[in-house]
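The sequence and structure come next.

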Protein chains: 2
Amino acid sequence: MSQGQGGAAADNGVSPGNVPVCYYGPAGRVPAALERRVRAAELFLRCATCGLAVLAAALLGADRQTRIFFSMEKEARYSDMQSLVFLVIANGMAACYSLLQGARCMVSILTGGVLISKPMAWAIFSCDQVMAYFTISAVAVAMEAAMIGKYGNTQFQWMKTCHLYKRFCAQAGGAVACAVAASLNMVGISLVSAFNLFRLYGSGKGRK
Amino acid sequence: MSQGQGGAAADNGVSPGNVPVCYYGPAGRVPAALERRVRAAELFLRCATCGLAVLAAALLGADRQTRIFFSMEKEARYSDMQSLVFLVIANGMAACYSLLQGARCMVSILTGGVLISKPMAWAIFSCDQVMAYFTISAVAVAMEAAMIGKYGNTQFQWMKTCHLYKRFCAQAGGAVACAVAASLNMVGISLVSAFNLFRLYGSGKGRK
């Protein structure tokens, strides 16, 4: 791996200028190609997360269906189910957060600088971790409610509702699918930020 | 920070023997004190996760309550609710996994070696990440079911059940609390393994 070669060369006293394969930015020695790929991946993931989270929240927010049962009108909305409210909130937060972090990535790429110090890398990493676990939890909670809505639970007399509100459930299903994709992107982002943080520690020498 | 000093010293050609503050094992330069703390934290977290996950699974597995409604006997078990079955499976897997990984940590500490190569660090990191997200999801799902059990959902006519099966719900609540603690430990473990992996990349020079 070129990085290992570059790291070894630098440790042996070779000046950075003699090892052009490595990027000698403030974030530490990593191959320039890897640095570019990591930055591009981060920007792509943050933009994709933002779009998917907005879509999920919008689909849920606009999701409603009215049915008439024995002359009584009943409307199903996302706000009837706490898990869907939680999902909308989580996706709204993920969208705003991804937008801000995406802007930071874009500035970083355009200016050519790596806006990373250890405290900043720790802050970004911590926020990314929290958001990743938060969005994954929100999706899991919504999927559990969706499963109960679709299949019910006879033991505890929780009735199926999706056969009554088919369109509502279909749209909520689409929103949950977008939220799943957004949360997987957040997991990817948290990996990137973990890489960006922990490469600031250690020497880059693994036992091969 | 001593690590930064040690890293700089080594980059300037000082032999490892002259910088006793740093650990020069195969996992890369990190301060010896930090290395010891990371190993101890990992072992503690893995043992605690194992214990808590076993406790959660055992509490749920033994959780049952029989009530008589209109001369009909009804028994509530964890297996009546898919989310609790999922939680038992997730905690069983987390316990087995933590036991194996704890044994690896113990061997590593007793032999004084650092059994880490990049592929192995990647494997441990990936498994830890999967287990962390898996256990967090299982807890989120179980908590959603618990909330429905406790408060019901009038819009979809999902009735409260916890006032009918109080002892069952109390025991399940204890199990979920243990599972929450186990999953938080798994998150901590995934951070440690991320540190152990990504410190193998980069030079340890952050912009201060």
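## Basis and conventions

Two strands are paired if DSSP finds at least two bridges between them. Helices (H or I, at least four residues) and strands (E, at least two) are DSSP runs, numbered from the N terminus.

The model is predicted: local features need pLDDT of at least 70 and side-chain atom pairs count only at pLDDT 80 or more, while totals for chains, interfaces and linings use all residues. Residues are numbered from 1 along each chain as its sequence is written, chains are lettered from A and ligands numbered from 1 in the order in which they are written, and side-chain values use heavy atoms, with hydrogens and water left out.

## Strand hairpins

In chain A, strand β3 (residues 64-69) and strand β4 (residues 72-77) run antiparallel and are joined by 6 bridges. Within this pairing, A:Thr66 has A:Glu75 in β4(A) as its bridge partner. The hairpin of β3(A) and β4(A) has 2 residues between the strands, and A:Phe70 takes a positive phi near 50 degrees there.

In chain B, 6 bridges connect strand β3 (residues 64-69) with strand β4 (residues 72-77), and the two run antiparallel. B:Arg67 stands opposite B:Lys74 in β4(B). The two strands β3(B) and β4(B) make a hairpin with 2 residues between them, and B:Phe70 in the turn has a positive phi of about 50 degrees.

Two packed helices are described by the angle between their axes and the distance between the axes. Axes are lines fitted to C-alpha atoms, for helices over the stretch in contact, and angles run from 0 to 180 degrees between N-to-C directions. Angles under 35 degrees count as roughly parallel, over 145 as roughly antiparallel, 65 to 115 as roughly perpendicular and the rest as oblique. A crossing is left-handed if the near helix is turned anticlockwise from the far one by less than a right angle, and right-handed if clockwise.

In chain A, helix α4 (residues 118-151) packs against helix α5 (residues 166-198) at about 155 degrees, with the axes 8 Å apart. α4(A) and α5(A) are therefore roughly antiparallel, and their crossing is left-handed. The contact of α4(A) with α5(A) has 19 nonpolar, 6 polar and 2 charged residues; Ala, Val, Leu, Ile, Met, Phe, Trp, Tyr, Cys and Pro count as nonpolar, Asp, Glu, Lys and Arg as charged, and the others, Gly among them, as polar.

In chain B, helix α4 (residues 118-151) and helix α5 (residues 166-198) pack at an angle of about 155 degrees, and their axes are 8 Å apart. This makes α4(B) and α5(B) roughly antiparallel to each other. α4(B) passes α5(B) in a left-handed crossing, and their contact contains 19 nonpolar, 6 polar and 2 charged residues.

## Packing of α2 and α3 in chain B

Helix α2 (residues 32-61) of chain B packs with helix α3 (residues 82-111) of chain B at about 150 degrees, their axes 7 Å apart. α2(B) is thus roughly antiparallel to α3(B). The crossing of α2(B) past α3(B) is left-handed. The contact residues of this pair divide into 17 nonpolar, 6 polar and 4 charged.

## Cysteines

Over all chains, the structure holds 2 disulfides, a disulfide being a pair of cysteine sulfur atoms within 2.5 Å. One joins A:Cys162 to A:Cys169, S to S 2.2 Å. Its S-S torsion is about -90 degrees, so the disulfide of A:Cys162 and A:Cys169 is left-handed. A:Cys162 is buried, at 16% relative accessible area; buried means under 20%, exposed over 50% and partly exposed in between (1.4 Å probe, protein chains only).

In chain B, the sulfur atoms of B:Cys162 and B:Cys169 are 2.2 Å apart and form a disulfide. The torsion about this S-S bond is about -90 degrees, so the disulfide is left-handed. B:Cys162 and B:Cys169 are both buried. B:Cys127 is in no disulfide, the nearest cysteine sulfur being that of B:Cys105, 13 Å away. B:Cys127 is partly exposed, with a relative accessible area of 36%. The sulfur of B:Cys178 lies 13 Å from the closest cysteine sulfur, in B:Cys50, which is too far for a bond. B:Cys178 counts as buried, at 12% relative accessibility.

## A residue of α2 in chain A

A:Ala33 lies in helix α2 (residues 32-61) of chain A and is partly exposed, with a relative accessible area of 35%. A:Ala33 and A:Met186 are 153 residues apart in sequence and 23 Å apart in space, C-alpha to C-alpha.
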